[in-house]
Amino acid sequence: MENANIEVKRHSCSHILAAAVQELFKGTKLGIGPAIENGFYYDFLSDHKFTPEDLKTIEKKMQQIVASAQPFVCQKVSKAEALKIFGDKGEEFKVELIKELPEDEITIYTNGNFTDLCRGPHMEHTGKIKHFKLTHTAGAYWRGDEKRPQMQRIYGIAFETKEELNDYIKQQEEAAKRDHRKLGTDLKLFFMDEDIGPGLVLWQPKGGMLRKTLEDWIRAENLKRGYDMVFSPHIARLHLWQKSGHANFYSENMFSPIEVDDQKYQLKPMNCPFHISIYNSELRSYRDLPLRLAELGTVYRYERSGVMHGLLRVRGFTQDDAHIFCTPEQIESEVQACFEFALHIFKTFGFEKYKVELSTWDETKPENYTGKAEDWHRAQAALEDVLKKNNIPYTAQAGEAAFYGPKIDIKLIDAIGRPWQLSTIQFDFNLPERFDLTYIAKEGRQRPLMVHRAMLGSIERFIGILIEHYAGLFPLWLALVQAKILTLTDEQIPFAKELAQKMREAGLRPELDLRPEKLGAKIRQAHLEKVPYTLVIGAKEAQNKTATIRLRSGKNLEGVSVDDLIAKLSEEVKSFSLKPYFN
RNA sequence: GCCGAGGUAGCUCAAUGGUUGAGCAACGGUUUUGUAAACCGUAGGUUGUGGGUUCAAAUCCCAUCCUCGGCUCCA
């Protein structure tokens, strides 16, 4: 009830915004202005460039419209009348929309001097909307088509109460604090260098440790599940990509070829053709299947310059890629295993907010796809089945499959609510044909099915998401530095070093802070570095071979014996626990 | 790629046409310290890069690179 109401209010807000803009900037043409999550926007075409100062002026004008409590008047008009009304005003975009409306009767809403094409409903008058704020402007193509004119979009937020509005603003500020780009700099994890190039990541030692830990883990998980680890080069003859078809249908996303000895080589945008070559390097029997080839494969893709985003969208990244070659009978169990793998990952890292999408073909246009209809049906049924069996809510996206096969995608929501794709399980009916993959079965030569899958998606993106998910407070097994050992005076240096060595020997990652600083300063430093456990070593501790553990919460545990400390920490690491053992 | 906003010390920011500055970090010294910042000092910059206007440019203009917010596209 309340929700429906706020939607209406947000939508009314966009009308008030448009009214204010048209009054302040004569000749501004209107695009569309819907309600969105948390607010609204309106698209405008104007010679004037809207600045942040303009937003303040527009907001003031909006407040005036609110104060004058103009009624929203709904009128039903014929299509012809509507075309005349908006045509006379020169609202070419509205005219285009009206022409496409199937109905003959069209509703328009008027408040004050402002009239807009609109399905409604609205509040009874403009005075009902109080708690809104214009936030930012952006460019947006008319109807999302980059060949059409680009308009200026003004975004705003709107809530029922002032408290909700302020809470939202505060929440956005909190989210900004856990932005992985900010934490990446603060915690010295990674950075980009102008001299190296956009979308190309440099990992500093702390970020490198995090990455190595994650990579070791995912390798081990792959091996547990019957994958074989392979390696492949970063470039290959352009010929390979012509054979695979990438040079044709994927060229927009590829770096230009490199010429060597009159031969063209291509930086790899994908790992598939390499794994296929490995498959083809031996004569395969049905007994070899399923064959699961996995690689942390670094790929390079040309991303348009405006789309890079920290670690979440880069030009060079490492996929935890694998290709499964199997018989038709093995599809169900392989898909099930992949999906369980994905769920295991999400559970391990404590991800709860994600959405699953099933993309299938458009049954009416089989000519747009490669592969046999029976393979499509079987694969799609297997994908759908596994989602149903596991009771996973999902969005079915008919017609969204790639031309080469159906897929399941899992997207995670970042700190400010944007979705990012991580896991994907895709069938590929194209490459086995192109590379003439076969295996020998009782019935003779058969074509294997191929499943392409990435679980983390890419190491870069996954770490970006992890940083935001934990706000930099990594669980012990992933923590760059697991315990920071602080000495009170120089007297304790030998014991501190001994403790650090014992921890290292147990496979833990300690770091020493032996500076002649006050304890408070060292504590503060360790806190800012978001170290899970801070170990304070004074005369007492050195004498008794103990440590005082300061937790992230600020709580202290005194007199913990070195052996107990190491045993518990090792246990915590081994269990991949999301909760600290000492708390 | 497109629209818009930006780029000043390692980090966060100040300086609106008139000698680039502060805090933190770094370095040197003093302090040997019990739970979120000890004190004094030193060094650090071709203001992203290239060009132009001007007696004079971080500041104005042009180009270019990079970053950010979106659009479009995607792991």
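Ala, Val, Leu, Ile, Met, Phe, Trp, Tyr, Cys and Pro count here as nonpolar, Asp, Glu, Lys and Arg as charged, and the others, Gly among them, as polar. By these classes, the surface near RNA strand B has 17 nonpolar, 24 polar and 18 charged residues. A residue is near a strand if its C-beta atom, placed from the backbone, lies within 6 Å of it. There are 59 residues around RNA strand B, of which G139, S305, G306, P516 and G538 come nearest.

This is a predicted model, in which local features need pLDDT of at least 70 and side-chain atom pairs count only at pLDDT 80 or more, while totals for chains, interfaces and linings use all residues. Residues are numbered from 1 along each chain as its sequence is written, and chains are lettered from A and ligands numbered from 1 in the order in which they are written.

## Chain A overall

Chain A contains 18 helices and 28 strands. Helices (H or I, at least four residues) and strands (E, at least two) are DSSP runs, numbered from the N terminus. Along the principal axes, the C-alpha atoms of chain A fill a box of roughly 85 × 75 × 55 Å. Of the 583 residues in chain A, 37% are buried. A residue is buried if 20 or more other C-beta atoms lie within 10 Å of its own, exposed if 12 or fewer, and partly exposed in between, with C-beta atoms placed from the backbone. Two residues are in contact if their C-beta atoms, placed in that way, lie within 7 Å. Among the contacts in chain A with a separation of 6 or more, 69% are between residues 24 or more positions apart.

## The three-stranded sheet

Strands β4, β5 and β6 form an open sheet in the order β4-β5-β6, with antiparallel pairing. The edges are β4 (73-78) and β6 (114-117); each has a single partner strand, so one side of each is left without a neighbour in the sheet. From one strand to the next, the twist averages 30°. Two strands pair if DSSP finds at least two bridges between them. C74 has Y109 in β5 as its bridge partner. Helix α3 (residues 79-88) packs on this sheet, where α3 touches β4, β5 and β6, and the direction of α3 makes about 115° with that of β4. Axes are lines fitted to C-alpha atoms, for helices over the stretch in contact, and angles run from 0 to 180 degrees between N-to-C directions.

## The eight-stranded sheet

A second open sheet has eight strands in the order β11-β15-β16-β23-β20-β19-β17-β18, and its pairing is mixed. Here β11 (228-229) and β18 (394-398) stand at the edges with a single partner strand each, so one side of each is left without a neighbour in the sheet.

Within this sheet, Q319 stands opposite S458 in β23. V356 stands opposite I410 in β19, and L412 has W420 in β20 as its bridge partner. Strand β19 is largely enclosed by the rest of the structure, because five of its seven residues are buried. Helix α14 (residues 459-470) lies across β15 (291-300), β16, β19 (407-413), β20 (419-428) and β23, and runs at about 40° to β23.

| Strand pair | Bridges and sense |
|---|---|
| β4 and β5 (residues 105-111) | six bridges, antiparallel |
| β16 (residues 316-326) and β23 (residues 449-458) | seven bridges, antiparallel |
| β17 (residues 354-360) and β19 | six bridges, antiparallel |
| β19 and β20 | six bridges, antiparallel |

Helix α5 (residues 162-177) has 16 residues, and the number buried is zero, so α5 lies largely in the open. At 1.5 Å a residue, α5 should span 22 Å, and its end C-alpha atoms are 23 Å apart, which agrees. The expected span is 1.5 Å times one less than the number of residues in the helix.

F93 belongs to helix α4 (residues 92-100). F93 counts as buried because it has 21 C-beta neighbours inside 10 Å. Leaving aside neighbours within four places in sequence, F93 is in contact with K29, L30, G31 and W142. F93 and L45 are 48 residues apart in sequence, and their C-alpha atoms are 9.6 Å apart in space.

L480 lies in the loop between α14 and β24 (483-487). With 24 other C-beta atoms within 10 Å, L480 is buried. Not counting residues up to four places away in sequence, L480 touches K206, M209 and L210. L480 and G184 are 296 residues apart along the chain, and their C-alpha atoms are separated by 12 Å.
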